[in-house]
Amino acid sequence: MKPIPRIKTAILAATLAVSGGMTLAGTYNVSVDKIRIDTGDFKKTGIGYNKSQSPTVLRFKEGEQVTINVKNNLRESTSIHWHGLILPFRQDGVPGISFNGIAPGQTFTYQFPIQQAGTYWFHSHTGFQEPDGAFGAIVIEPKGGEKTRADRDYVVQLTDKHPHNGSRIFRNLKMSADYYNRAQRTLEDLVRDSRE
């Protein structure tokens with residue numbers, strides 16, 4: 001039996017966004033798609049936005065109203081939760097609480113005012129889609145513009161990727177909480193530690 005590789009920190013989630021190269025606020029179209037994830041150590045099927053394994057970066061301006069059309073290209077329901085944003089309850093994106101979710105083949109339109117500045121993230125709140133790759137970054141420019149001038153703006157979003165999908169990891173951990181613990185301590189470790 002081949003050993004399962006340890007969780008790899010994948011820079012596949014590192015995203016470069018050059019200031020001025022993206023449209024600020026207004027209307028966005030985001031698709032939720034099955035994607036191929038390649039970490040360099042393993043390849044797997046995952047879920048991503050806009051057909052990419054690199055996270056989508058949305059750029060807004062404080063004080064503006066945004067419209068985000070999310071098209072679900074999956075064969076299952078999906079959602080997007082706008083993590084940390086101040087917005088109307090019905091736009092929060094948590095299925096079963098603030099809305100029903102986005103059915104396969106459907107488009108849901110999120111509309112809300114941008115009431116803050118800073119860097120945030122968004123992710124699926126459906127099943128195990130977020131650990132399977134469904135997340136992205138949000139960069140919100142302050143109302144009066146950035147206080148510090150920069151020639152370029154880089155967004156780096158890191159994640160751990162595992163060769164198993166999220167539902168399999170959950171199932172394995174329900175069977176045994178230490179299923180993935182490859183460095184379990186032994187009696188020998190305890191004896192050695194107590195001598196020290």
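Author: On a 1 Å grid over the protein atoms alone, a cavity is a set of points where a 1.4 Å probe fits but cannot get out, and lining residues have an atom within 4 Å of a point. This is a predicted model, where local features need pLDDT of at least 70 and side-chain atom pairs count only at pLDDT 80 or more, while totals for chains, interfaces and linings use all residues. Residues are numbered from 1 along each chain as its sequence is written, and side-chain values use heavy atoms, with hydrogens and water left out.

Reader: What lines the largest cavity?

Author: The lining has 13 residues, and Ser52, Gln53, Pro55, Gly133 and Phe135 are the ones nearest the centre. Strand 3 and strand 4 are the elements that give two or more residues to this lining. Strands here are DSSP runs of E with at least two residues, helices are runs of H or I with at least four, and both are numbered from the N terminus.

Reader: How much space lies in the largest cavity?

Author: About 60 Å³. A volume here is the space filled by probe spheres set on the grid points, which are joined across faces, edges and corners. The structure holds one cavity of 30 Å³ or more.

Reader: How many strands and helices are in the chain?

Author: Twelve strands and two helices. Going from the N terminus, the order is β-β-β-β-β-β-β-β-β-β-β-β-α-α.

Reader: What makes Tyr28 and Phe60 an edge-to-face pair?

Author: Rings of Phe, Tyr and Trp (its six-membered ring) pair if their centres lie within 6.5 Å; planes under 30 degrees apart are stacked, over 60 edge-to-face, and the rest tilted. By this rule there are ten aromatic pairs. For Tyr28 and Phe60 the centres are 5.4 Å apart and the planes stand at 80°, so the pair is edge-to-face. Tyr28 sits in strand 3 (residues 26-38) and Phe60 in strand 5 (residues 57-61), so the pair ties together parts that are 32 residues apart in sequence.

Reader: Why are Phe99 and Phe108 called tilted?

Author: Their planes make an angle of 55°, and their centres are 4.9 Å apart.

Reader: What makes Lys51 exposed?

Author: Its relative accessible area is 67%, so Lys51 lands in the exposed class. Asn50 has 32%, so that residue is partly exposed.

Reader: Where does Asn50 lie, and what is its phi?

Author: Asn50 is in the loop between strand 4 (43-49) and strand 5. Its phi is positive, about 55°, although Asn50 is not a glycine. Lys51 lies in the loop between strand 4 and strand 5, and its phi is near 60°, a positive value in a residue other than glycine.

Methods: Buried means under 20% relative accessible area, exposed over 50%, partly exposed in between (1.4 Å probe, protein chains only). On a 1 Å grid over the protein atoms alone, a cavity is a set of points where a 1.4 Å probe fits but cannot get out, and a pocket is an open set with protein on both sides within 12 Å along at least five of seven lines; lining residues have an atom within 4 Å of a point.
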